[in-house]
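Visitor: Could you walk me through the aromatic pairs and the annotated site here? Please start with any term I will need.

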There are 2 protein chains.
Amino acid sequence: MGIIVQKFGGTSVGSIERIRNVTDRIVEEMSKGNQVVTVVSAMGKSTDELVGLAKQISATPAKRELDMLLATGEQVTISLLTMALIERGLPAVSLTGWQAGIQTESVHGNARILHIDTKRISNELAEGRIVIVAGFQGATVDNQITTLGRGGSDTTAVAIASALQAERCDIYTDVTGVYTADPRFVKGARQLPAISYDEMLELANLGAGVLHPRAVEYAKNYQIPLVVRSSMERKDGTYVLEEAIMEQNLVVRGVAFEKDTTKMTVFGMKNGLSSLSTIFTPLAKNHINVDIIIQSYTDNKENNVSFSVKSEDKQAVLNVLEEQKEMIQYDHIDWEDKLAKVSIVGSGMISNPGVAALMFDSLASQGIMIKMVSTSEIKVSAVVDESEMIKAAQILHTAFHLDEVLETVSVGK
Amino acid sequence: MGIIVQKFGGTSVGSIERIRNVTDRIVEEMSKGNQVVTVVSAMGKSTDELVGLAKQISATPAKRELDMLLATGEQVTISLLTMALIERGLPAVSLTGWQAGIQTESVHGNARILHIDTKRISNELAEGRIVIVAGFQGATVDNQITTLGRGGSDTTAVAIASALQAERCDIYTDVTGVYTADPRFVKGARQLPAISYDEMLELANLGAGVLHPRAVEYAKNYQIPLVVRSSMERKDGTYVLEEAIMEQNLVVRGVAFEKDTTKMTVFGMKNGLSSLSTIFTPLAKNHINVDIIIQSYTDNKENNVSFSVKSEDKQAVLNVLEEQKEMIQYDHIDWEDKLAKVSIVGSGMISNPGVAALMFDSLASQGIMIKMVSTSEIKVSAVVDESEMIKAAQILHTAFHLDEVLETVSVGK
């Protein structure tokens, strides 16, 4: 008998009917002799509705009070789900973040979990109850209510799984698992039986959007096996676990892509490399995420530097660099909009040096121009024209044989 | 500089616009140099909506979970009101019941406040903040969220006022104060400048509905002056305070009335008076409130007993007494529906023995038949036909000169 932590997102608890469906999933785990802790998000669009109320009062609502407001969303879900379980004759108890002992840092809107005091949850489990916990929220040591920001409920679930030394953390969502590429766009995309934490992290960061990177990182650090699965369909999901215990490493496990990328170039920097920190430090201070960075020298000893940002940050970049113009001493700034990033991810790359070359060849042979490139040990990203993004993803999906089933499926218990 | 506790009910915070209006009231008190603690209810019909969700899941939702659910209603209001204050540049902080130190007994749905740990509220006031507290809710010593039942926010406000030794507790509502009778029905009804706790208690219990009896009792016990006033109009309200400090005691301060009364009569009780507890103990155990009780003997030594109940409880009474038939040994039960109770209240009655007689005479002379009577030191109630209720109230209002202004208005500070 082990402890299973489940997490159901907003869509999965979006109506009374769906909340009833969740009780089925809980019963299924219990019938296998497991103890169950279920973490839930706010119902459907209710968080957006609460934010809408706050925006009627202030364009920039006080952060502490916004947390106070938003925390009610999950509290509604936990109480309704627990009522539904009790109505079925099952012993259950709901706990808010603070009741569940989820202690966070003193930051509002984006707090990190510092510690989980599992006493209350463990006592409830020991008394035979199903424990329903409000995701996305916690409290500081001073009893201030905080929220965890985007992906917060995933993080709550993984953190509880870790604190309870759970056997598994099941992330129920509106997709059936993790795919080799987004099946809405890429032909032949198929669900993976398993993926490593590191691969998942790259995919999450690349905008695949199934799991929040913070939750994956937490799972990796504490070695909690995750399963991404559907709350609607009864299908095997995708295991996310340590590479070492996976049956087979694929050279490339998946293709990710995201648009709205802008390439910015700073021309004629007089002070050479020493200017780089004068560019990127103020951008970081203004919470602008810079992705790929490329430096280049020209004959007349001027330095140019190019970097990619989200298109929505372009104006902010221009503002910051204008302010810093005297410090950086550049000539002018130019940019290229409507770009996209296409990436291949796979932990098998480390031992396969030809992967990047095959990627570039495949794209070039079909006439797709690569504007920027970046690589990590398990990822290669290429920036291309937004209009060619899907085509590029499809080319790479086929080139790396991702539409062919190569893995043997034997992970999990 | 004193502490003023304010309470705004659901209607007074029923929209974003009304929440903004509440900030005006807070600013007014602050501009007089007072420290302000404001207790709020859930917005408009939001509690009903939450109950509606719960009822979709269960006809009898688990009480602990219903408290968990309903407590979100006030939490939404406190955060929005606090945002609105901060948006106006005022320092403010919201506190849930548990954060405000409101400790209740371990009962769900109708918990009583045991104790208020004012440390948190006092600290926030000392740091110059307006403190916005969620009404209607608290927590047990085991950190379970509880709600206080009907009139809960009134009780929260009065209890906080008492714990902080506040100068005054202002109950903002959708009426401008306490009236000599309900002005929607009784011609010449006018607002009272002041009323004693005891009179208010009788009126509250008699269904005047402005203030919950529990809150009045609390205020009386701790000698907290209450003011019932309008959240919409800027008018003097009605002071509720100790009789001794009022300028003048009226013989009769007000007329109250409520319909949906049923008179039930148990005929032919074989065991005489000893049967009474066999009737009323099981009724009490089934949470049926019995109001007026009348016993009568007939010649053949059988005992009859009549009592009044709310009409909605009639069937429950019949069920309970049927179960107890062998124990009570009665002959049969009869009842009379569509009755109403009309009452006069006034602390001056004690020293005016003719009051009840004048009441009976006034009604009889206009052809209204009295079916039952009960009296206390400051109240006389008569049960009449529902169809004659308003007429009776109007007769008494005129007979006791309630439409004439007799009081001098000089209460308060």
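Guide: Buried means under 20% relative accessible area, exposed means over 50%, and partly exposed lies in between. Please keep in mind that this is a predicted model.

Visitor: How many aromatic pairs are there over all chains?

Guide: Searching the whole structure gives 9 aromatic pairs. In one of them, the ring centres of A:Phe8 and A:Tyr172 are 4.4 Å apart with the planes at 10°, so this pair counts as stacked. The two residues come from distant parts of the chain, with A:Phe8 in strand S1 and A:Tyr172 in strand S9 of chain A, 164 residues apart.

Visitor: Is A:Phe8 buried or exposed?

Guide: A:Phe8 is buried, at a relative accessible area of 0%, and A:Tyr172 is buried as well, at 3%.

Visitor: And which aromatic pair do B:Phe185 and B:Phe257 form?

Guide: That pair is edge-to-face, with 6.1 Å from centre to centre and 80° between the planes. B:Phe185 is partly exposed at 42% relative accessibility, whereas B:Phe257, at 12%, falls under the 20% cut-off and is therefore buried.

Visitor: Switching topic, which residues does the UniProt "binding site" annotation cover?

Guide: The unreviewed UniProt entry lists several under that annotation, including A:Phe8, A:Asp174 and A:Arg184. The annotated residues do not all gather at one spot, because the farthest two C-alpha atoms are 24.5 Å apart.

Visitor: Where does A:Arg184 lie?

Guide: A:Arg184 lies in the loop between S9 and strand S10 of chain A and is exposed, at 68% relative accessibility. Its side chain makes a polar contact of 2.7 Å with the side chain of A:Asp182.

Notes:
Residues are numbered from 1 along each chain as its sequence is written. Chains are lettered from A and ligands numbered from 1 in the order in which they are written. This is a predicted model: local features need pLDDT of at least 70, side-chain atom pairs count only at pLDDT 80 or more; totals for chains, interfaces and linings use all residues. Side-chain values use heavy atoms; hydrogens and water are left out. Rings of Phe, Tyr and Trp (its six-membered ring) pair if their centres lie within 6.5 Å; planes under 30 degrees apart count as stacked, over 60 as edge-to-face and the rest as tilted. Helices (H or I, at least four residues) and strands (E, at least two) are DSSP runs, numbered from the N terminus. Buried means under 20% relative accessible area, exposed over 50%, partly exposed in between (1.4 Å probe, protein chains only). UniProt positions are given in the numbering used here, feature names are shortened, and annotations may be inferred rather than shown by experiment. A polar contact is a pair of N or O atoms within 3.5 Å; within protein, one must be able to donate a hydrogen and the other to accept it, and residues adjacent in sequence count only if both atoms are side-chain atoms.
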